[in-house]
Amino acid sequence: MNYIAPGWLPGGHLQTIYPAKCIAKPAVDYQRERWPTPDGDFIDIDFVDGEPGQPFLVLFHGLEGSSDSHYSRALMAHIRALGWSGAVPHFRGCSGEINAAPRFYHSGDAEEIDWIIRRLAQQRKQQDPAASRFYAVGVSLGGNALLRWLGESGHRAEFVDAACAISAPLDLAGGGAALSRGVNMIYTRVFLQTLKPKCLTKLTQFPDLFDRDAMLRSRNLYEFDNAVTAPLHGFRDTDDYWHRASARHVLDAITVPTLVLNARNDPFLPERHLPQSASAAVRLEYPREGGHVGFATGGPPGSLAWLPQRIHRFLVNGG
């Protein structure tokens, strides 16, 4: 199922921005649940209900994403039309309400993935004992975190029947450097426009949690992660975080059938940083075009249908 970009949408930047901002997102009827976390915080999870006995799919969103992101609504609408059920857990502070603990979320958050996905699987068994399959998908940051969990868990992750990671920043240092220069700074500025206000709110909860001035001065993700992400989540600094959290280090340890899909023109991760080897369970698929979580198809105004179809095909058929 090869991806071919439409001729009217050339280049990685247009293929990234246009699908996210200009293609209409399908409507999705979510039901929200709030779960307490093991550390006394909370997360919000948006569910779609399908038919009894059908598969269940959990989607982990990207940096500053949510269940309303274009890829979330496209995939959830697709699986609902198939009769499947699904869930989009929100990382801490991404559901529209700031979380309560002295932390946020990060690209290597395998521990967070672990308790969420295990509770979802257990809840699914209780609510629908005849449910056939359990699948996991991660997009961008969520894809990297999912791959970290799959690799760190090894055989213990095999209650997941198959998984997909879409446009994951597999090499955080390579991706972070790319997002810190040239035209790519447009993406960094968008992220910082939402991250910094959240940080100011967090400092009203915990006034000495991190260096306020260093956070406000940060002009790129390297500086922001040095001021906030690394100290809040147990890393020495950005270099330590980006090295230890990168999914490329654990691809050879994954035993669950997994698709790793990254466009070679993704502005968030240059082609030269794409890993060329992984375990036999992992399919590395690097189409020439597609942008970052783009993969639009058809004539103007375009369609978001290709990516959900590609994910569905891999999960069901492995190809």
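What percentage of the 319 residues in the protein chain is buried? In this predicted model, buried residues make up 59% of the chain.

Let me begin with the overall form. The protein chain comprises 10 helices and 8 strands. The C-alpha trace spans about 50 × 45 × 35 Å along its principal axes. Of the contacts with a separation of 6 or more, 75% are between residues 24 or more positions apart.

I turn now to the aromatic residues. A pair of aromatic rings is described by the distance of the centres and the angle of the planes. The count comes to 16 aromatic pairs. For W35 and W115, the ring centres are 6.2 Å apart and the planes stand at 45°, so this pair is tilted. Because W35 belongs to strand β1 and W115 to helix α3, the pair ties together parts that are 80 residues apart in sequence. W35 is buried at 1% relative accessible area, and W115 is buried at 15%. In the pair of F91 and Y105, the centres are 5.4 Å apart and the planes lie at 5°, so the rings are stacked. Both residues sit in the loop between β4 and α3, 14 residues apart, and both are buried.

Finally, the surface. The accessible surface comes to about 13100 Å², with 51% belonging to carbon and sulfur atoms. I17, V183, I186 and V190 form a nonpolar patch there, with about 330 Å² of accessible area together. I17, in helix α1, counts as partly exposed at 34% relative accessibility.

Methods: Residues numbered from 1 in each chain as written. Predicted model: local features only at pLDDT ≥ 70, side-chain atom pairs only at ≥ 80, totals over all residues. Heavy atoms only, no water. Patch = residues over 30% accessible without salt bridge, like charges linked within 9 Å, V, L, I, M, F, W, Y side chains within 5 Å. Areas by Shrake-Rupley, 256 points an atom, 1.4 Å probe, with all protein chains shown as cover. Salt bridge = Lys/Arg side-chain N within 4 Å of Asp/Glu carboxyl O. Helix = DSSP H or I, 4+ residues; strand = E, 2+ residues; numbered from the N terminus. Buried < 20%, exposed > 50% of the residue type's maximum accessible area, 1.4 Å probe, protein only. Contact = heavy atoms within 4.5 Å. Phe/Tyr/Trp six-rings, centres within 6.5 Å; stacked < 30°, edge-to-face > 60°.
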